[in-house]
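Subject: Structure handover

Hello,

Here is the structure I promised to pass on. Please open it first, then read the notes below.

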Amino acid sequence: MSSSPSSSCAPSASLAMSWRDILLTALAPAIWGSTYIVTSELLPPDRPFTAALIRVLPAGLLLVLFTRRLPVGSGWWRLLVLGALNIGVFQALLFVAAYRLPGGLAAVLGAVQPLLVMALAWGVDGRVPARLTLWAAVAGIAGMAVLLLSPQTVFEPVGMAAALAGAVCMAAGTWLTRRWRVDLPVLALTGWQLLFGGLMLLPLAWWVDAPLPALSLTQLGAYAYLCLAGALLAYVLWFRGIGRLPSVAVSSLGLLSPLTAVVLGWALLSQSMTGLSFLGLLVVLASVLMVQWSASRGA
């Protein structure tokens with residue numbers, strides 16, 4: 001008799017845990033959405049690789065020194081690949097796009113990420129996506145297209161190519177992180193990827209970017225924010241979510257990054273938003289919720 005109530009409570013407890021994981025993971029792309037306004041308004045101009053380096057390398061060193069956990073066996077080369085996809089290459093492309101594209105446009109182009117993850121899971125793992133999940137992801141891209149095709153959009157080819165390539169890197173990194181499951185705690189897993197990615201960025205920042213000028217307190221604070229919040233905290237939450245949630249659900253949360261970027265541009269920089277733009281935002285939010293609901297049912 002006593003086992004019946006506990007068994008009836010198990011599904012609701014599991015569902016509560018799932019949505020708690022979703023909300024914590026969603027904080028990461030929301031933080032990342034602020035990257036664009038911080039970069040364009042507060043950082044020294046034309047130093048994308050330096051910004052990426054300062055963002056990830058100190059955070060990686062802090063986590064590796066704090067956890068003191070070494071990868072074993074194949075974990076070394078897998079972390080090198082993941083560090084390149086999730087951190088090194090992605091961050092370089094992200095800041096190239098952030099310096100060249102206005103407002104949230106760079107993040108908007110990353111809306112294809114959920115479909116890319118679904119394509120990898122389908123084509124390689126043989127996992128056919130649920131119809132609801134697929135249509136929700138398509139709706140998210142449609143909502144982003146409404147924002148992308150606004151009259152104020154400036155189509156800068158290098159920035160747009162960097163944003164799209166970054167979406168491909170992040171999708172592949174999200175899928176491989178879930179598939180490989182390197183045997184490390186989430187703090188160590190995050191730290192080694194940030195460290196390897198930062199070391200990859202070091203020669204680019206040294207050879208390509210101009211030296212940093214004397215930094216103001218505001219600029220120092222902006223770099224500290226990008227490092228501590230945008231890398232250390234956000235990536236810990238992101239990789240924690242990848243370990244607990246379906247990869248498609250995690251990647252769809254990435255749509256919150258452009259939403260945050262667009263809302264910040266509207267609220268802080270007086271960037272105009274039409275009624276159609278607001279409709280696009282609502283469609284994207286609805287698509288994210290539908291993907292999470294569908295994925296939690298499947299889990």
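A crossing of two helices is right-handed if the near helix is turned clockwise from the far one by less than a right angle. Keep that in mind for the helix pairs below. Note also that this is a predicted model.

**Overall make-up**

The protein chain has 13 helices and zero strands. Read from the N terminus, its elements are α-α-α-α-α-α-α-α-α-α-α-α-α. The chain has 299 residues, and 51% of them are buried.

**Helices α9 and α10**

Two packed helices are described by the angle between their axes and the distance between the axes. Helix α9 covers residues 186-207, and helix α10 covers residues 217-244. Their axes come within 9 Å and cross at roughly 120°. That angle is why α9 and α10 count as oblique to each other. The crossing of α9 past α10 is right-handed.

Which residues of α9 and α10 make the contact? On the α9 side they are V186, L187, L189, T190, Q193 and L194. On the α10 side they are A231, Y235, V236, F239 and R240. Sorted by class, the contact of α9 with α10 has eight nonpolar, two polar and one charged residues.

**A closer look at Q193**

Q193 sits in helix α9. Is Q193 buried or exposed? Its relative accessible area is 0%, so Q193 is buried. Set aside its neighbours within four places in sequence. Q193 is then in contact with L79, L82, G83, N86, I87 and F239.

**The nonpolar cores**

The largest nonpolar core has 75 residues. Within this core, W192, L194, Y235 and W238 have the most contacts. Helix α10 supplies the largest share of the core, 13 residues. A second, separate core has seven residues, among them V117, A136, A171 and V291.

What does W238 touch, leaving aside its neighbours within four places in sequence? Its contacts are T25, A28, P29, W32, Q113, M170, T174, V250, S251 and G254.

**Helices α3 and α4**

This is another helix pair to look at. Helix α3 spans residues 48-67, and helix α4 spans residues 75-100. Their axes come within 8 Å and cross at roughly 130°. α3 and α4 are therefore oblique to each other. α3 passes α4 in a right-handed crossing.

From α3, the residues that meet α4 are P48, F49, A51, A52, R55 and V56. Their partners in α4 are I87, Q91, A92, L94, F95, V96 and Y99. By class, this contact of α3 with α4 has 11 nonpolar, one polar and one charged residues. I87 in α4 meets α3, and I87 is also in contact with Q193.

**A145 and G280**

A145 lies in helix α7, residues 131-148. Its relative accessible area is 27%, so A145 is partly exposed. How far apart are the C-alpha atoms of A145 and G280? They are separated by 7.8 Å. Along the chain, A145 and G280 are 135 residues apart.

**Where to start**

Begin with α9 and α10. L194 and Y235 take part in the contact between these helices. Both are also listed among the residues with the most contacts inside the largest nonpolar core. Then turn to α3 and α4, whose axes cross at roughly 130°.

Best wishes

Key: Residues numbered from 1 in each chain as written. Predicted model: local features only at pLDDT ≥ 70, side-chain atom pairs only at ≥ 80, totals over all residues. Heavy atoms only, no water. Axes fitted to C-alpha atoms, helices over the stretch in contact; angles between N-to-C directions. Helix = DSSP H or I, 4+ residues; strand = E, 2+ residues; numbered from the N terminus. Parallel < 35°, antiparallel > 145°, perpendicular 65-115°, else oblique. Contact = heavy atoms within 4.5 Å. Nonpolar A, V, L, I, M, F, W, Y, C, P; charged D, E, K, R; others polar. Core = buried A, V, L, I, M, F, W, Y, C linked by side-chain atoms within 4.5 Å. Buried < 20%, exposed > 50% of the residue type's maximum accessible area, 1.4 Å probe, protein only.
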